[in-house]
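Please open the model in a viewer and keep the selection panel at hand.

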Amino acid sequence: MTTSAYDVEPGDAVHPGDPVVVDRYTTGARINHWITATSLVLLAISGLALFHPKLFFLTALFGGGQNTRAIHPWIGVILFFSFLGLFLRFWRANLWEHTDNVWLARLRDVLGAREDRLPEVGKYNAGQKVVFWSMSLLIVVLITSGVLIWDQYFSDYTTVEQNRVAVLVHSLAAVTVICVWIVHVYAAIWVRGTIGAMTRGQVTGGWAWRHHRKWLKELVLGRPKDQKTGATPAE
Ligand code: HEM
């Protein structure tokens, strides 16, 4: 049996062996996240297939070169709107705070898992916030440059020179977003118990206490009115 932090009323019997679980993401947020993740993976594969002749064989996954060329921009449109959904859900919880500078300055302790030397973290740590804002910026750059080079519909609106610059910007942003995505996935796997947040929507009380203590405290004790740290139960 599991015990959600929200299900426990004063006086309820909570057995020492029962793991306490904390809600972190709603079903809607998780569906939104996995649509975004799938879109990015498909975009990366189809984009790389079009990027270099050696990777052209990947177009077979999308029904050949012509189909890949036609599908890739539409997946980009799905990614953009899907990420917009994530952005609207999470931007507030990713606002930069003074303690984030301290967290970043102590990156050695972060990598050494010496969390007792770090300031208490809200819903997201500084690393997650950097990833969030980098993804937000890069996805805007990708959709803008992508539309400019979407010849099927927009070729009349750009000159050849503008088109060339847009291709370069699009490629650089794509490579960077893939790197940021690798960091995101690596961190999610590295910090044990994090994947469950996005699959089951829940984390253990121990995970929350260890990695996001300020968030947990705000959930349990309530948030001071003057603070807007975005600590919502499960967004
Ligand atoms: C496909 C592999 C992916 C995996 C395994 C993965 C895993 C996760 C996990 C476990 C979390 C929860 C972290 C926590 O609550 O502390 C999370 C959060 C999040 N993920 Fe992913 N993710 C993937 C792809 C993506 C992609 C492609 C994007 C966007 C382009 C993305 C955007 C986000 C955002 C915005 C959050 C909320 C964290 C924040 O706002 O800082 N994820 N992801």
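Which of the 24 residues around the ligand come nearest? Select R24, Y25, H33, Q128 and H184: these come nearest among the 24, where a residue counts as near if one of its heavy atoms lies within 4 Å of the molecule. This is a predicted model, in which local features need pLDDT of at least 70 and side-chain atom pairs count only at pLDDT 80 or more, while totals for chains, interfaces and linings use all residues. Residues are numbered from 1 along each chain as its sequence is written, and side-chain values use heavy atoms, with hydrogens and water left out.

Next, display the polar contacts (pairs of N or O atoms within 3.5 Å). A polar side-chain atom of R24 lies 2.7 Å from an oxygen atom of the ligand. For N94, a side-chain N or O atom is 2.8 Å from a ligand oxygen, and for Q128 a side-chain N or O atom is likewise 2.8 Å from an oxygen atom of the ligand.

Now colour the shell by class: 17 residues are nonpolar, six polar and one charged. Tyr counts as nonpolar, Arg as charged, and Gly as polar.

Then select the helices (DSSP runs of H or I, at least four residues, numbered from the N terminus). α1, α2, α5 (126-148), α7 and α8 each supply at least two shell residues, and α1 gives the most, with five.

Methods
Polar contact = N/O pair within 3.5 Å; in protein donor to acceptor, adjacent residues only side chain to side chain.
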